[in-house]
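Work through the following exercises with the sequence and the coordinates at hand, and try each task before reading its solution.

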Amino acid sequence: MEKEIWFAAGCFWGAQKFFKLVDGVVRTEVGFVNGFVDNPTYEQVYKDDTGYAECVHIVYDPSLVSLQRLAELFFKIIDPLSLNKQGEDEGTRYRTGAYYKDVEDRAVLESVFRQVAFDLGAPGLPVELGPVEKFYTADEYHQDYLDKNPGGYCHINPELFKLL
């Protein structure tokens, strides 16, 4: 049985490319999570007044990759101490977060969050954790963007793609 998780990791182009490389990830799509406008466009989200964050929706096979592993990888591609900024991208649309559909996933995610905070010596992290309330798929132009545009911008250190 497949499972789902949504990660907001700054610009969604690099996050999608990264997670597509993970064994056990069945498919990915980029879009917008947890805002308050119905059917937002990229242009609307980019103005930073819709409440949405760019994110990658991941469908995975838990017999091949665990949610814990995916969450640990998520923390490798973000700066977990940065609020509303990843790389050169700044604004609430670039905030970081992990969003789940199945309530039992929360405990796994909380455990990873606690470990990362402990490892960093931080009392907490400015990374959202909660249920996915709304998700809208971004237009085709943004899907698999870095595959279509290999020289395109990505805030993720290219060395991290070699981890997978």
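The structure is a predicted model, in which local features need pLDDT of at least 70 and side-chain atom pairs count only at pLDDT 80 or more, whereas totals for chains, interfaces and linings use all residues. Residues are numbered from 1 along each chain as its sequence is written, and side-chain values use heavy atoms, with hydrogens and water left out.

**Exercise 1. Describe how helix α3 packs on helix α4, giving the angle and the residues that meet.**

Two packed helices are described by the angle between their axes and the distance between the axes. Helices (H or I, at least four residues) and strands (E, at least two) are DSSP runs, numbered from the N terminus. Axes are lines fitted to C-alpha atoms, for helices over the stretch in contact, and angles run from 0 to 180 degrees between N-to-C directions.

Step 1. Helix α3 covers residues 67–76 and helix α4 residues 105–120; they pack at an angle of about 40°, and their axes are 9 Å apart. That makes α3 oblique to α4, given that angles under 35 degrees count as roughly parallel, over 145 as roughly antiparallel, 65 to 115 as roughly perpendicular and the rest as oblique.

Step 2. On the α3 side, L67, Q68, A71, E72 and F75 are in contact (heavy atoms within 4.5 Å) with D105, V108, L109, V112, F113 and V116 of α4. The residues of this contact divide into 8 nonpolar, 1 polar and 2 charged, where Ala, Val, Leu, Ile, Met, Phe, Trp, Tyr, Cys and Pro count as nonpolar, Asp, Glu, Lys and Arg as charged, and the others, Gly among them, as polar.

**Exercise 2. How many salt bridges does a search of the whole structure find, and which parts does the pair D48 and R93 tie together?**

Step 1. The search finds 14 salt bridges, each being a side-chain nitrogen of Lys or Arg within 4 Å of a carboxyl oxygen of Asp or Glu.

Step 2. In the pair D48 and R93, the closest N and O atoms are 3.2 Å apart. D48 lies in the loop between α2 (42–46) and β3 (53–60), while R93 lies in the loop between β5 (89–90) and β6 (96–100), so the pair ties together parts that are 45 residues apart in sequence. D48 is partly exposed at 27% relative accessible area, whereas R93, at 8%, counts as buried; buried means under 20% relative accessible area, exposed over 50%, and partly exposed in between (1.4 Å probe, protein chains only).

Step 3. E2 forms a salt bridge with R27, with the closest N and O atoms 3.4 Å apart. This pair links E2, in the segment before β1 (3–9), to R27 in strand β2 (residues 25–33), 25 residues apart.

Step 4. D147 pairs with K17, the closest N and O atoms again being 3.4 Å apart. D147 belongs to helix α5 (residues 145–148) and K17 to helix α1 (residues 12–20), 130 residues apart. D147 is partly exposed at 39%, and K17 is partly exposed at 29%.

**Exercise 3. Which residues of α1 and α3 are buried, and against which elements do they pack?**

Step 1. In α1, 7 of the 9 residues are buried, so this helix is largely enclosed by the rest of the structure. The buried residues are F12, W13, G14, A15, Q16, F18 and F19, and they pack against β1, β2, α2, β3, α3 and α5.

Step 2. In α3, the buried residues are L67, L70, A71, L73, F74 and F75, which pack against β1, α1, β2, β3, β6 and α4.
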